Amino acid sequence: MKKHNHYDLVIIGAGINGAGIARDAALRGLKVLVVEQNDICSATSAWNSRLVHGGLRYLEHKELGLVRESLRERENLLRTASHLVHPLPLMIPIYASNRRGPTIVRMGMLAYDLLSYDKSLPRHRMLSRQQAAQKAAGLDQKQLKGAAQYYDAQVTFPERLTLEILLCARENGAEILTHTPVKRINLDETNSAVSGVRILNRATGEEEDIVSKCVVNVSGPWVDQVLTTSGHTLPRQIGGTRGSHIVVAPFSGAPQVALYAEAEDGRPYFTIPWNGLFLIGTTDLHHEEPPDSVHATEEEIDYLLNSTNRLLPSAQLERDSVLYSYAGVRPLPYVPAGQPGTITRRHIVHDHSPQITGLWSIIGGKLTTYRSLAEEAVNKVAAAQGWRLARCSTHHRPLPGARRHNARELEKRLCANYGLTSLAARRIVSIYGARSEDILELLSEAPELAENLSPETGAIKAELVFAMRYEMAANLTDALMRRTMVGLGPAAGLDALENAVATLCQHLNWDRHTAMGQADEFRQYVAHTLRTQDP
Ligand SMILES: Cc1cc2nc3c(=O)[nH]c(=O)nc-3n(C[C@H](O)[C@H](O)[C@H](O)COP(=O)(O)OP(=O)(O)OC[C@H]3O[C@@H](n4cnc5c(N)ncnc54)[C@H](O)[C@@H]3O)c2cc1C
């Protein structure tokens with residue numbers, strides 16, 4: 001429910017960048033509204049490689065500034081989202097046939113260490129052939145010359161990171177409307193200045209005008225589509241490229257560390273231990289189709305399977321080994337020609353004045369740099385409006401789940417006070433951090449909420465109730481995919497449906513017909529987005 005009609009700032013899109021801008025602006029005293037057509041973190045911010053990284057590959061394109069900024073933000077995230085972002089050891093195996101030989105890899109590693117001189121993670125190490133084979137025994141040994149070992153970081157669930165950024169924004173007064181598309185950017189009588197946006201309330205079918213002199217269009221791959229609603233013909237901003245991933249169960253020869261290796265065509269790609277499974281990707285292909293219909297194609301899936309079987313011969317992965325796949329569209333700046341891999345990953349905060357004043361679009365960016373992007377965007381808006389705002393504080397302010405707590409102590413307390421197994425306690429603390437006990441408080445009202453929601457992931461029923469009551473989940477798909485994280489388990493959340501329906505009826509007073517309808521919608525979502533069945 002929206003409380004007001006006038007805002008200092010309206011943000012279109014609740015991906016990580018929209019969330020970051022909302023938090024920064026709210027913390028600096030602005031009255032903020034976020035409008036999202038679907039759910040929080042339901043697009044590009046979810047369908048990526050889940051790395052918080054400097055971007056070693058950008059060194060090849062001499063984007064030293066971007067790498068330095070990313071490495072600094074990696075450090076910030078390890079500190080301010082410590083329950084969600086963890087160090088990730090990686091290895092680059094070097095083969096005689098590789099495009100990048102030992103000297104180039106070593107130079108890249110040295111530059112990476114230099115650009116992260118103030119990091120908390122260990123420096124790189126070059127490994128001999130024997131050391132590399134020992135560390136990752138499944139690697140193809142033929143032509144293996146050695147390897148580089150280094151550290152980056154992983155955010156297992158960017159969905160939770162984005163949610164927590166918005167929870168903090170909400171604590172500081174921001175309002176967030178999900179499942180509410182922006183239908184139009186409204187202009188004033190001069191037709192050259194923003195006067196607000198028109199939104200559609202999907203639940204009621206009614207449209208409403210929101211008043212604001214500042215609108216930031218953070219709609220990712222939809223940026224151009226949103227701009228056309230202003231009625232102006234504006235230059236194309238986005239040249240999206242599709243990146244796909246596959247998810248497989250642990251396999252024969254699977255590495256203990258993440259591998260960053262050359263695929264069959266020489267492109268670097270990742271094999272990453274993730275969420276008890278393996279995340280393998282990505283591809284990088286021009287994507288001209290609507291962003292809504294994006295999915296991993298059979299060719300991309302084959303490419304990732306073949307590359308992995310070549311790198312780790314005992315894996316013998318087949319099409320049936322793929323538990324699910326997903327794809328996202330990188331909202332990169334439009335360039336009329338060129339290889340997708342060479343397009344800059346740097347973000348642009350584009351001011352549409354003088355054609356339209358009060359309107360900015362965000363182009364490009366990475367998960368890793370969402371905070372610095374947000375700071376820059378709010379500074380630019382404030383400068384244009386002549387606002388004197390408080391200084392940005394997000395670089396040192398922990399997210400709600402990262403506030404003062406000791407994870408091991410908390411796990412012990414959950415076991416002692418709520419009878420959780422240590423595995424269940426560890427899972428809850430790793431997802432909710434300092435907020436874990438808020439979920440378990442629900443057991444005092446209904447002890448049966450400690451029962452299993454999803455056998456495959458170990459999630460409990462209380463998490464579903466918590467998601468619906470306190471974490472802005474509007475339906476079962478939001479709760480399973482982007483709150484409890486059950487949807488990214490080995491069974492893609494389908495193992496939870498029966499328990500979920502019972503929980504919704506018993507504890508949230510849903511009627512069975514509605515709950516069953518939501519379960520069907522979830523099945524369709526999973527089949528469409530994660531391609532659990534052959535298309
Ligand atoms: C394959 C791939 C791998 C990647 N890997 C990494 C990585 O490992 N590390 C990293 O740092 N970065 C990575 N990235 C980049 C990163 O994921 C993106 O840059 C970032 O998520 C973009 O976030 P965003 O908020 O700008 O866009 P999005 O997350 O796409 O959010 C835009 C939101 O706007 C909403 N919206 C659209 N139209 C409207 C409308 N009319 N009204 C209301 N809302 C609307 C959409 O529903 C969506 O939720 C990767 C990207 C891809 C595609």
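Which residue in E7 does Leu51 stand opposite? In this predicted model, Leu51 stands opposite Gln154 in E7. That pair belongs to a chain whose secondary structure comes to 16 helices and 22 strands. The briefing below moves from the overall dimensions to the sheets and then to the nonpolar cores.

**Overall form**

- The radius of gyration of the protein chain is 23 Å, which agrees with the value near 24 Å that a compact globule of 535 residues would have.
- Along the principal axes, the C-alpha atoms of the chain fill a box of roughly 70 × 60 × 45 Å.
- Of the 535 residues, 60% count as buried.
- Among contacts between residues at least 6 apart in sequence, 71% join residues at least 24 apart.

**Annotated span**

- UniProt, in an unreviewed entry, lists residues 8-370 as "domain: FAD dependent oxidoreductase".
- Residues 8-370 are 23% helix and 30% strand, and the end C-alpha atoms of this span lie 21 Å apart.

- Val10 stands opposite Leu33 in E3.

**The four-stranded sheet**

- A further open sheet has 4 strands in the order E1-E11-E10-E9, again with mixed pairing.
- Strand E1 (6-7) and strand E9 (182-187) are the edge strands, and each pairs on one side only.
- Strands E10 (residues 194-201) and E11 (residues 206-212) are antiparallel and pair over 6 bridges.
- The bridge partner of Leu200 in E11 is Glu207.

**Strand E7 and its partners**

- Strand E7 (residues 144-155) is mostly covered, with 10 of its 12 residues buried.
- Strand E5 (residues 85-95) pairs with E7 in the antiparallel sense over 11 bridges, and Pro89 stands opposite Tyr151 in E7.
- Strand E6 (residues 125-128) runs antiparallel to E7 and is joined to it by 4 bridges; the bridge partner of Ser128 in E7 is Gly146.
- Strand E4 (residues 51-52) also runs antiparallel to E7, with 2 bridges joining them; here Leu51 stands opposite Gln154.

**Nonpolar cores**

- The largest nonpolar core has 121 residues, of which Leu9, Ile21, Val85, Leu161, Leu166 and Tyr324 touch the most other members.
- A second, separate core of 28 residues includes Leu127, Ala147, Ile246 and Phe278.
- Which residues is Tyr324 in contact with, leaving aside its neighbours within four places in sequence? Tyr324 is in contact with Ile246, Val247, Trp274, Leu277, Leu488, Gly489, Ala492, Leu530 and Thr532.

How values were computed: Residues numbered from 1 in each chain as written. Predicted model: local features only at pLDDT ≥ 70, side-chain atom pairs only at ≥ 80, totals over all residues. Heavy atoms only, no water. Pairing = 2+ DSSP bridges. UniProt positions renumbered as here; feature names shortened; annotations may be inferred. Core = buried A, V, L, I, M, F, W, Y, C linked by side-chain atoms within 4.5 Å. Buried < 20%, exposed > 50% of the residue type's maximum accessible area, 1.4 Å probe, protein only. Contact = heavy atoms within 4.5 Å. Rg over C-alpha atoms; globule rule 2.2 N^0.38 Å.
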